[in-house]
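Here's a quick tour of a protein model with a ligand. Have the viewer open and follow along.

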Amino acid sequence: MGCPTLFVRLSGCNLRCSFCDTRSAWEDGEELPVPNILTAVEELRKDAPTEWICLTGGEPLTQNIRPLVESLKKKGYSIQIETNGTLPSVSSVDWITLSPKPPDYVIHPGCLIPLREAKLVVTRELTEEIIHDVRTRIPAGVPLFLQPQSMEKWSLRKAEQLLRSCLNAHPADIRLGLQLHLLYDIR
Ligand code: SF4
């Protein structure tokens, strides 16, 4: 968290979460060839020098991201993907951020390598039991962040309460998360 990163938002998602804050990514979007995306990334990078590119959505794994990932890797970038965890990933990415979604919190075994972090949106329905269940399905040592829903106050409070009640069972592996780009108003 906090590492300068350029985001490439891919269109399409196989879920329809009621709390989704990127609904524009469900359907909108423009089909772009990989070279055009590379050019756009290089252009953005002039103002934001960083090696990290995050492929997000929507759900980036609803598209065949392998050609894009391989082209970005050839240029020397490190690739993170943000995924809801329902689909298998591609092996050449450097960092997977997994965010399983209700009601089933599906975690496809093909998106666990290289899993570096997981997060759960703190919805009104999220419970300690769900957190425990997800925690037991991801590898020890991978932190699980409780991310307040759209940084709303009730969700921030609930995240803290849930963290306190989970601490005895999972003292090191559950943490409070934040959407830094909302705090800093970064677009
Ligand atoms: S998985 Fe993510 S992008 Fe898809 S509907 Fe849910 S919150 Fe929105």
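## Ground rules

This is a predicted model, so to speak: local features need pLDDT of at least 70, side-chain atom pairs count only at pLDDT 80 or more, and totals for chains, interfaces and linings use all residues. Residue numbers start from 1 along each chain, as its sequence is written.

## Overall fold

The protein has 6 helices and 7 strands; helices here are DSSP runs of H or I with at least four residues, strands are E runs of at least two, and both are numbered from the N terminus. Starting at the N terminus, the order is β-α-α-β-α-β-β-β-α-β-α-β-α. The radius of gyration is 17 Å, close to the 16 Å from the globule rule for 187 residues, so the protein is as compact as a globular protein of that length. That radius is taken over C-alpha atoms, and the rule is 2.2 Å times the number of residues to the power 0.38.

Along the principal axes, the C-alpha atoms fill a box of roughly 50 × 35 × 30 Å. Of the 187 residues, 23% count as buried (20 or more other C-beta atoms within 10 Å of the residue's own; exposed is 12 or fewer, partly exposed is in between, and C-beta atoms are placed from the backbone).

Strand β4 covers residues 95-98, with Ile96 and Leu98 on its covered face and Trp95 and Thr97 on the uncovered one.

β4 runs parallel to β3 (residues 78-83), joined by 4 bridges, and Gln80 has Trp95 as its bridge partner in β4. β4 is also parallel to β5 (residues 115-122), with 3 bridges, and here Ile96 has Leu115 as its bridge partner in β5. Strands count as paired if DSSP finds at least two bridges between them.

## Two nonpolar cores

The largest nonpolar core has 16 residues, and Leu55, Val69 and Ile79 touch the most other members. β2 (52-56), α3 (66-74), β3 and β4 each supply at least two of its residues, with α3 giving the most, 3 residues. A core here is a set of buried Ala, Val, Leu, Ile, Met, Phe, Trp, Tyr and Cys residues joined through C-beta atoms within 7 Å.

A second, separate core has 11 residues, including Val122, Val134, Leu146 and Leu162.

## The ligand shell

Which residues are around the ligand? They are Cys13, Leu15, Arg16, Cys17, Cys20, Thr22, Ala25, Gly57, Gly58, Glu59, Asn84 and Lys101, where being near means a C-beta atom, placed from the backbone, within 6 Å. By class that gives 5 nonpolar, 4 polar and 3 charged residues (nonpolar: Ala, Val, Leu, Ile, Met, Phe, Trp, Tyr, Cys and Pro; charged: Asp, Glu, Lys and Arg; polar: the others, Gly among them).

Most residues other than glycine have a negative phi, and most peptide bonds are trans. The bond from Gly57 to Gly58 is cis, with omega near 10 degrees, and Gly58 sits in the loop between β2 and α3. The bond from Pro102 to Pro103 is cis too, with omega near 5 degrees.

Tyr105 has a positive phi of about 50 degrees and lies in the loop between β4 and β5. Ser150 also has a positive phi, near 50 degrees, and counts as exposed because it has 12 C-beta neighbours inside 10 Å.
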